[in-house]
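Hello,

Here is the structure for you to look over. My notes on what was found follow below it.

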Amino acid sequence: MADEASTLARIPRHVAIIMDGNGRWARARGLPRAAGHKAGTQNIRPVLEACVEYGIEVLTIYAFSTENWGRPNQEVRGLMRLLEQTITEQLPELHAKGVQIRHSGSLERVSRSLKNKIQEALELTKANQRIILNVAFNYGGRAEILQAVRRIIADGIPAEEVDEELFTRYLYTAGLPDPDLIIRTAGEMRLSNFLIWQSAYAEYYSTPTYWPDFDRAELYRALQAYAARERRFGRLENR
Ligand code: IPE
Ligand code: IPE
Ligand code: MG
């Protein structure tokens with residue numbers, strides 16, 4: 001892995017992944033969608049570990065969107081249960097490994113017990129330094145921007161003080177660098193309301209591989225593609 005990392009000219013500080021294709025992964029195997037979500041959840045840890053080895057500072061994962069409430073009740077309930085179980089099972093080890101867990105999203109509509117679990121995870125790991133695992137859960141980019149606007153108004157901030165820097169401090173991702181690389185699995189070519197403010201200059205990478213099958217080799221290919229991009233930020237060359 002160290003060798004692989006040294007072959008990459010540039011490593012992104014912040015990688016964000018739209019973990020898509022759990023349902024299709026399951027269907028291809030004749031399994032219920034829930035089995036796909038389970039396999040997808042189990043895939044988070046190895047990818048996180050690979051990110052640590054590459055020296056990535058922040059990994060954001062899109063776990064549940066504000067639009068995903070529109071899925072059948074049974075699936076939504078299953079996803080909520082899975083998240084709660086996963087935190088319970090994995091929190092001690094994530095903490096021992098120095099992972100700082102953050103949440104980007106709203107806690108509205110979330111059950112009290114899951115809310116408590118999330119808060120426990122954030123509180124326990126807040127001083128950890130190895131890598132930040134930012135979980136975009138009950139996250140929507142438009143909802144995030146709206147809550148920022150509302151809080152800015154509620155705080156009585158005068159219009160002339162509202163600039164990009166201030167606005168960024170009101171987002172769920174306050175304090176995190178913008179994503180450098182956004183990876184979407186399962187082939188779709190859209191953001192689905194993910195980090196729409198923060199991704200203004202992110203590099204975008206899509207792979208047909210379903211999320212449960214996205215492994216270290218896939219991550220390496222995404223990082224290679226990223227290293228080969230020329231980021232100009234509107235200027236003429238990247239100097
Ligand atoms: C992504 O997989 C997980 C969530 C959105 C929670 P999907 O459930 O969207 O899988 P597909 O897109 O139906 O294959
Ligand atoms: C995006 O995937 C949300 C997550 C991965 C959590 P979706 O499967 O919900 O997105 P659409 O419906 O294909 O846009
Ligand atoms: Mg999907």
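Start with phenylalanine 64, which is buried at 2% relative accessibility. Buried here means under 20% relative accessible area, exposed over 50%, and partly exposed in between (1.4 Å probe, protein chains only). Note that this is a predicted model: local features need pLDDT of at least 70, side-chain atom pairs count only at pLDDT 80 or more, and totals for chains, interfaces and linings use all residues. Residues are numbered from 1 along each chain as its sequence is written, chains are lettered from A and ligands numbered from 1 in the order in which they are written, and side-chain values use heavy atoms, without hydrogens and water.

Aromatic pairs

There are ten aromatic pairs in the structure. In one, the ring centres of phenylalanine 64 and tryptophan 69 lie 5.2 Å apart with planes at 80°, so the pair is edge-to-face. (Rings of Phe, Tyr and Trp, the last by its six-membered ring, pair if their centres lie within 6.5 Å; planes under 30 degrees apart are stacked, over 60 edge-to-face, the rest tilted.) Tryptophan 69 is buried, at 17%.

Tyrosine 139 and phenylalanine 194 also pair edge-to-face, with centres 6.2 Å apart and planes at 85°. This pair links distant parts of the chain, 55 residues apart: tyrosine 139 is in strand β4 (residues 131-139), and phenylalanine 194 is in the loop between β5 (181-184) and β6 (203-206). Helices (H or I, at least four residues) and strands (E, at least two) are DSSP runs, numbered from the N terminus. Both tyrosine 139 and phenylalanine 194 are buried.

Salt bridges

The structure holds 19 salt bridges. The criterion is a side-chain nitrogen of Lys or Arg within 4 Å of a carboxyl oxygen of Asp or Glu.

- Arginine 231 meets aspartate 180 at 3.1 Å, N to O. Arginine 231 lies in the segment after α9 (216-228) and aspartate 180 in the loop between α8 and β5, so the bridge ties together parts 51 residues apart in sequence. Arginine 231 and aspartate 180 are both buried.
- Arginine 229 meets glutamate 203 at 3.0 Å, N to O. Arginine 229 is in the segment after α9 and glutamate 203 in strand β6, 26 residues apart. Arginine 229 is partly exposed, at 28%, whereas glutamate 203 is buried, at 14%.
- Glutamate 75 bridges to arginine 71, with the closest N and O atoms 2.8 Å apart.
- Asp20, Arg24, Arg184 and Glu188 are linked in a salt-bridge network.

Best wishes
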